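Visitor: I'd like to learn how to read a model like this one. Could we go through it feature by feature?

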Amino acid sequence: MRDDTRRWIEADKAHCWHPFTPQQAWTDGEPLVLVRGEGAWLWDSEGRKYLDGNSSIWTNIHGHNHPALNAAITRQLGEVAHTSYLGFANPRASELAERLCGFFPAGTLERVFFSDDGSTAIECAMKMAIQYRQQTGEPERTGFIAFDQAYHGDTMGAASLGGVSRFHDRFRRHGVPVTFVSGMGALRHLPAEAVRSTAAVVIEPLIQGVNEMRPWPAGMLRELRAWCDAHDVHLMLDEVMTGFGRTGKMFACQHEEVIPDFLCLAKGLTGGYMPMAATLATAAVYDAFLGADDRAFYYGHSYTANPLGCAVALASLDVFEEERVLERLRPKIALMAELLDELRTTTPRVRAVRQCGFVAGIEVDGGGAQVCLAAREQGLLTRPIRDTIVLMPPLCTTEDELRLAIRAIAMAAG
Ligand code: PMP
């Protein structure tokens, strides 16, 4: 082991505290120190090369070290790195808000509230949903409906919407009251008084990520939109994971031509380069915040609309167009389906495979963590959710690289 590597690992084990990480196992293990990236590849401090099977943490949709994304940040650095968004506009934020709203028909999602990560995008939508009701004569509508096994982030509000018992139960009584349902059938059976006190329903459209990559039934999102309309409940879509091409379209809601009242975006927004999020809201929601000062939305963070983040987010949208990312993704999604099917039929330990766009969940018979560790030896970085291996490579991953990734899992699970 190189001296640098040893020094970094020692300092990490002595002082760092990692997210979603049992620290004892971490301290006993041999962590990789990631030092460099290029396209779908990452290098560790020992010079070993790995395919990035998780796009860092579902974030780096165009891979690593993309010249256009790098240039956008460098260019913005030459102007200014950060300015306050409280009381000031900034050019990149104006341009980005306009671009984001341009994905949706006029009169629908017309406003963008910037924040820092997926959790704050959700947090912000929750507060908007509550305050909207206060300002439209329905202050009793304070509740939220979420789906079993959902994951929407880890701040207290966002965690309240979470249905993963291991992560969320211990904080449940400290959070916002939420009604959980298993699906559309259960939603339709909720008592009328529960529905009348609901401000919004929140869902990860098309696929629940942290719930081991489980897709929803086709058509469900459209049914949910109709239910929300019929009951005057806002629809809040969490596209933190699915946004920016992951499902094969720019946004998952476009598969079912659904437009939500709130759309939460993060992760891929900046191509994974900078921590930044956006909560899009409809013109109708925004209008309820106009008028007297006390109708303002008193919410925000120091780094709201950070110019570096906005600049690289704009560059990421340009990459989608210039590199025809979605068009070139289509055959790769089809290839992923073929390879997953082959993996399932030829690897006895693979119990099930699930896919939505360029995301796969590969369920193995016990020992998900051990399979991921073995895959690492085969040159693939992935992370399990319980016994499901998550494969969510950058959208720029080539067909050959995709074959390598699946082969590594086959070897690791074989
Ligand atoms: N919503 C979904 C669907 C997510 O997958 C995540 C993160 N995995 C979040 C919200 C929270 O985002 P962040 O970690 O950026 O706060």
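Visitor: Which residues in helix 4 meet which residues in helix 13?

Guide: Two ground rules before that. This is a predicted model, where local features need pLDDT of at least 70, side-chain atom pairs count only at pLDDT 80 or more, and totals for chains, interfaces and linings use all residues. Residues are numbered from 1 along each chain as its sequence is written. Helices (H or I, at least four residues) and strands (E, at least two) are DSSP runs numbered from the N terminus, and two residues are in contact if their C-beta atoms, placed from the backbone, lie within 7 Å. On the helix 4 side you have Ala-68, Leu-69, Ala-72, Ile-73, Arg-75, Gln-76 and Leu-77. They meet Pro-307, Leu-308, Ala-311, Val-312, Leu-314, Ala-315, Ser-316, Asp-318 and Val-319 in helix 13. By class, that contact has twelve nonpolar, two polar and two charged residues; Ala, Val, Leu, Ile, Met, Phe, Trp, Tyr, Cys and Pro count as nonpolar, Asp, Glu, Lys and Arg as charged, and the others, Gly among them, as polar.

Visitor: At what angle do helix 4 and helix 13 pack?

Guide: Two packed helices are described by the angle between their axes and the distance between the axes. Here helix 4 (residues 67–77) and helix 13 pack at about 150°, with axes 8 Å apart. The axes are lines fitted to C-alpha atoms over the stretch in contact, and angles run from 0 to 180 degrees between N-to-C directions.

Visitor: On to the ligand. Which residues come nearest?

Guide: A residue is near a molecule if its C-beta atom, placed from the backbone, lies within 6 Å of it. There are 13 residues around the ligand, and Asp-117, Gly-118, Ser-119, Gly-153 and Val-240 come nearest. The shell divides into five nonpolar, five polar and three charged residues.

Visitor: Where does UniProt place the feature "binding site"?

Guide: An unreviewed entry puts one such feature at Gly-118, Ser-119, Asp-238, His-301 and Ser-302. These positions cover 185 residues of sequence and are spread in space too, up to 22.8 Å between C-alpha atoms. UniProt positions use the numbering here, feature names are shortened, and annotations may be inferred rather than shown by experiment.

Visitor: Is Asp-238 buried or exposed?

Guide: The rule counts other C-beta atoms within 10 Å of a residue's own, all placed from the backbone: 20 or more is buried, 12 or fewer exposed, in between partly exposed. Asp-238 is buried because it has 31 of them. It lies in strand 10 (residues 234–238). Leaving aside neighbours within four places in sequence, contacts of Asp-238 include His-152, Glu-204 and Cys-264. His-301 has 17 other C-beta atoms within 10 Å, so it is partly exposed. His-301 sits in the loop between helix 12 (283–287) and helix 13 (307–322).
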